[in-house]
Amino acid sequence: MDRIAVFPGSFDPVTKGHESIIRRSLTLFDKIIIAVGENAGKQSYFTLDQRLGWLHELFENENKIEIGFYSGLTVDFCRAKDARFILRGLRTSADFEFERGIGQMNKLMVPDLETVFLLCEPEYASLSSSIVRDILRHGGDAGMFIPDGIQISSEIAK
Ligand code: ADP
């Protein structure tokens, strides 16, 4: 049976921290579905199309990677995709507490779905999409935090 993992997130926008988790997990799974979640209660800074577009650009040569989006429960998306793993990155103890709650609730709902955590690389421990958005919003250069080859600027925010 193929080891299919879903890597869910907002990717608003994608950062080098996300990219690192995804690339490092390529040896663990047969297929990784990067799933951009549309959360009704959370207004995104960039449009869904922009967020999906950057992910497509970044991983266009990776045949193990698929890009998708969803708006319901992550566990339902996983079931629809036959994925038995949810992949998440951990930066801090705050991430751990947050992820523990969600991971354990998901486990109760779908017992055979495992959440797999990768510790982030030390240099990305303080990197988040929200910091990147703040830099862009104030006209700063966020280039060093964004994957190589991807152009993201605040002018194109919705
Ligand atoms: P969400 O809104 O679901 O937290 P994000 O796009 O912020 O979505 O994050 C998606 C996943 O990527 C989460 O598991 C998050 O912990 C992880 N992640 C975010 N930033 C980093 C980083 N700098 N290093 C490692 N993992 C990260």
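Begin by selecting Leu73, which sits in the loop between β3 (65-70) and α3 (74-80); helices (H or I, at least four residues) and strands (E, at least two) are DSSP runs, numbered from the N terminus. This is a predicted model, in which local features need pLDDT of at least 70, side-chain atom pairs count only at pLDDT 80 or more, and totals for chains, interfaces and linings use all residues. Residues are numbered from 1 along each chain as its sequence is written, and side-chain values use heavy atoms, leaving out hydrogens and water.

Leu73 counts as partly exposed because its relative accessibility is 47%; buried means under 20% relative accessible area, exposed over 50%, and partly exposed in between (1.4 Å probe, protein chains only).

Next, select His18 in helix α1 (residues 16-25), which counts as buried because its relative accessibility is 17%. Leaving aside residues up to four places away in sequence, His18 touches Phe7, Phe11, Pro13 and Ser129, where contact means heavy atoms within 4.5 Å. Now show the whole of α1: eight of its ten residues are buried, so the helix is largely enclosed by the rest of the structure.

Finally, select the ligand, which 16 residues surround, the closest being Ser10, Phe11, Gly89, Tyr124 and Leu127; a residue counts as near if one of its heavy atoms lies within 4 Å of the molecule. An oxygen atom of the ligand is 3.0 Å from a polar backbone atom of Phe11, and an oxygen atom of the ligand is 2.7 Å from a polar backbone atom of Gly89.

Key: A polar contact is a pair of N or O atoms within 3.5 Å; within protein, one must be able to donate a hydrogen and the other to accept it, and residues adjacent in sequence count only if both atoms are side-chain atoms.
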